[in-house]
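This report describes a predicted model. It covers an annotated span, a helix contact, and the cavities and pockets.

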Amino acid sequence: RYSLFYNRLKNIEENEGGLDKFSESYKTFGVNQFVDGGIYCKEWAPGAAAVFLAGDFNGWDPFSHPYKKMEYGKWELFIPPGKDGYPPVPHGSKLKVVIRAQNGELLYRISPWARYVVRDEDKVNYDWVHWSPPQSYIHKHPCPKRLKSLRIYESHVGIASPEGKVASYKNFTYNVLPRIKDLGYNCVQLMAIMEHAYYASFGYQVTSFFAASSRYGTPDDLKEMIDVAHSMGITVLLDVVHSHASKNSEDGLNKFDGTDSCFFHSGPKGTHQLWDSRLFDYANWEVLRFLLSNLRMWIADYRFDGFRFDGVTSMLYHHHGIGTGFSGDYNEYFGLHVDEDALCYLMLANHMINSLHPECITIAEDVSGMPALCRPVAEGGGGFDYRLAMAIPDKWIQIIKELKDEDWNMGNIVHTLTNRRYKEKYIAYAESHDQVL
């Protein structure tokens, strides 16, 4: 495992100018505006026959702005600045990447790297909106120092209001954060921030990985919310979903270039049976670029202080934990059923975060108990700081539902509270969103 990680890291350093540069690909991919007003566009669509950019800026002419084909399935386009350095694609205008599939069909897609997508009231699908305000939000407060002891408040911006509506970032900033601070919490974990088309998925069916959900407000509203949390000394963690992606193709990653694969495994291997979603091909160079850059963007642009990685158990095994119980026997964790590419990706992600943003925290949602998952990468571990003790909230619910007060088994409770890997740090929930649901 370590040699796989080491070779992949060495490969990135030799071919991409280092992990730092590789993970900053969000600055070149998608649609980015230069200082002089020019627009540079870049996409990875290996299965496409041709790629174009269409939008409000060119009257939705699908063919007026073709991308030039590069090597390794990449495509690029430069649109020079207009008169007086005016950007050719105005802030707030709608865009689409137009893909000509191998069979000649024209597909209108949202860029996987899109920073802002919105849904009009009367529509089902999301629209990609070019987000490049003349003055972006400027952070005023430094990120808090890394905490020795976390007291986490797990929250969802949309339901953080007594009113029967989707609440906003602004509401959370001014009404919820002060209460969290008063209650003595020092860390907020935010669910459902990465854009998802299906609200009831609680943010776990992501459609746009680089876009902060527009349901609650603009990207600047989220930046302000994090900044205000930092001013109170509160650490902010993002619930990051890199274990799978929504099946949507109109406003998601699925079939982006007209093929079954692209970012995902093709065929049955690329679909999660229970979640009905697509599974990433973690061995793919461009998928690594995409996911590592995604983490980097949330830290650099929004100033998140770390991540809780969702669905790590599903990533670690080819069987995705479906229909398997974990007893703790080492044969369950070492063998051909382990997805070493996914494990290698997690090692790379933690190595990148540790070396470039050492103050950031990473937490793994793993129920299998994979050994050394929360030990440093240098020891051959997964590199996470903490694991979530998922059995603890389940135990409380079970006790309250099934037992009379006088029948509580202290031995069983103590075992559940202390059942963990040697020298690995755990986060013990009193309750979690799984129970709340």
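## The annotated span

Residues 163-421 have end C-alpha atoms that lie 43 Å apart. According to the UniProt record, an unreviewed entry, residues 163-421 carry the annotation "domain: Glycosyl hydrolase family 13 catalytic". Such an annotation may be inferred rather than shown by experiment.

## Contact between helix 1 and helix 5

Two packed helices are described by the angle between their axes and the distance between the axes. For helix 1 (residues 2-16) and helix 5 (residues 285-300), the axes come within 12 Å and cross at roughly 90 degrees. Because angles of 65 to 115 degrees count as roughly perpendicular, helix 1 is roughly perpendicular to helix 5.

On the side of helix 1, the contact is made by R8, N11, I12, N15 and E16. Helix 5 contributes W285, L288 and R289. By class, the residues of this contact comprise 3 nonpolar, 2 polar and 3 charged.

## The cavity

The model has 1 cavity of 30 Å³ or more. The volume of the largest cavity is about 40 Å³. Its lining is formed by C143, P144, K145, R146, T235, D305, E359 and I361. These lining residues fall into 3 nonpolar, 1 polar and 4 charged.

## The largest pocket

The largest pocket has a volume of about 1200 Å³. It is lined by 48 residues, of which T313, D366, V367, S368 and M390 are the closest to its centre. Two or more lining residues come from each of helix 6 (312-316), strand 19 (386-389), helix 8 (391-402), helix 9 (410-418) and helix 10 (433-436).

Helix 8 supplies the largest share of this lining, with 5 residues. In terms of residue class, the lining of the largest pocket consists of 17 nonpolar, 21 polar and 10 charged residues.

## The second largest pocket

For the second largest pocket, the volume is about 770 Å³. The lining of this pocket includes 31 residues, and those closest to its centre are Y153, E154, S155, Y185 and E431. The elements that each give two or more residues to the lining are strand 10 (152-156), helix 3 (169-182), strand 20 (426-428) and helix 10.

Helix 3 provides the largest share of the lining of the second largest pocket, namely 6 residues. The class division for the second largest pocket is 20 nonpolar, 7 polar and 4 charged residues.

Conventions
Residues are numbered from 1 along each chain as its sequence is written. This is a predicted model: local features need pLDDT of at least 70, side-chain atom pairs count only at pLDDT 80 or more; totals for chains, interfaces and linings use all residues. Side-chain values use heavy atoms; hydrogens and water are left out. Axes are lines fitted to C-alpha atoms, for helices over the stretch in contact, and angles run from 0 to 180 degrees between N-to-C directions. Helices (H or I, at least four residues) and strands (E, at least two) are DSSP runs, numbered from the N terminus. Angles under 35 degrees count as roughly parallel, over 145 as roughly antiparallel, 65 to 115 as roughly perpendicular and the rest as oblique. Contact means heavy atoms within 4.5 Å. Ala, Val, Leu, Ile, Met, Phe, Trp, Tyr, Cys and Pro count as nonpolar, Asp, Glu, Lys and Arg as charged, and the others, Gly among them, as polar. On a 1 Å grid over the protein atoms alone, a cavity is a set of points where a 1.4 Å probe fits but cannot get out, and a pocket is an open set with protein on both sides within 12 Å along at least five of seven lines; lining residues have an atom within 4 Å of a point. Grid points are joined across faces, edges and corners, and a volume is the space filled by probe spheres set on the points.
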